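Please read these comments alongside the sequence and the coordinates.

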Amino acid sequence: MNDDDQMMMEHALEQARAAAAQGDVPVGAIVVVDGVIIGRGRNRRELDRDPTAHAEVVALREASQAIGHWRIEGTLYVTQEPCPMCAGALVNARIKRLVFGCLNPKAGAVQSLFTITTDPRLNHRMEVRGEVRASECSQLLSKFFAELRKGPEFGS
């Protein structure tokens, strides 16, 4: 396993933990170009009241601002397999490489339900590496949802 991928995923995990601390689903992402983090993102849907404020989109927005262009051509690390919206955004941003943590069996659009990031019918495809630090990423999500189910809206 690539040590750089392991290390960079830790930065994405930090973003995921910050999302959980703010009451959002703990998914975090970073964008790396030439070994430098140029974009960070975490789920902010609850915080921003924005259905598009997924970690990947937030990180892509920050990265494009950092380089002054929409064509990012770097690596995006994210703690959970991207959904269809985010996978499409990665294609549109011309991300070269995607590294994700755990699978997303209910909404994954890279491997689980769809293969948007590698679909030959689209104008861009990227290298994909999945399940990097998958156990840690999955445990963070499981813990968050277990705590959420203990809340008053679930009758506990």
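The numbered points below cover the basis of the model, its salt bridges and one arginine.

1. Basis. This is a predicted model, in which local features need pLDDT of at least 70 and side-chain atom pairs count only at pLDDT 80 or more, while totals for chains, interfaces and linings use all residues. Residues are numbered from 1 along each chain as its sequence is written, and side-chain values use heavy atoms, with hydrogens and water left out.

2. Salt bridges overall. Side chains of opposite charge can pair when their charged atoms come close. A salt bridge here is a side-chain nitrogen of Lys or Arg within 4 Å of a carboxyl oxygen of Asp or Glu. Searching the whole structure gives 10 salt bridges.

3. E127 and R97. The closest N and O atoms of the salt bridge between E127 and R97 are 3.1 Å apart. E127 belongs to strand β5 (residues 127-129) and R97 to strand β4 (residues 97-102), so this pair ties together parts that are 30 residues apart in sequence. Strands (E, at least two residues) and helices (H or I, at least four) are DSSP runs, numbered from the N terminus.

4. Exposure of that pair. Buried means under 20% relative accessible area, exposed means over 50%, and partly exposed lies in between (1.4 Å probe, protein chains only). R97 is buried at 14% relative accessibility, whereas E127 is partly exposed at 47%.

5. D119 and R121. These side chains meet in a salt bridge with an N to O distance of 2.6 Å. D119 is buried, its relative accessible area being 12%. R121, in contrast, is exposed at 73% relative accessibility.

6. R133 and E136. A salt bridge joins R133 to E136, with 2.8 Å between the closest N and O atoms. R133 is buried at 18% relative accessibility, while E136 is partly exposed at 33%.

7. R45, position. R45 is part of helix α2 (residues 45-48).

8. R45, surroundings. Contact means heavy atoms within 4.5 Å. With neighbours within four places in sequence left aside, R45 is in contact with D24, V25, D50, P51, A53 and H54. D24 lies 21 residues from R45 along the chain, and their C-alpha atoms are separated by 6.8 Å.
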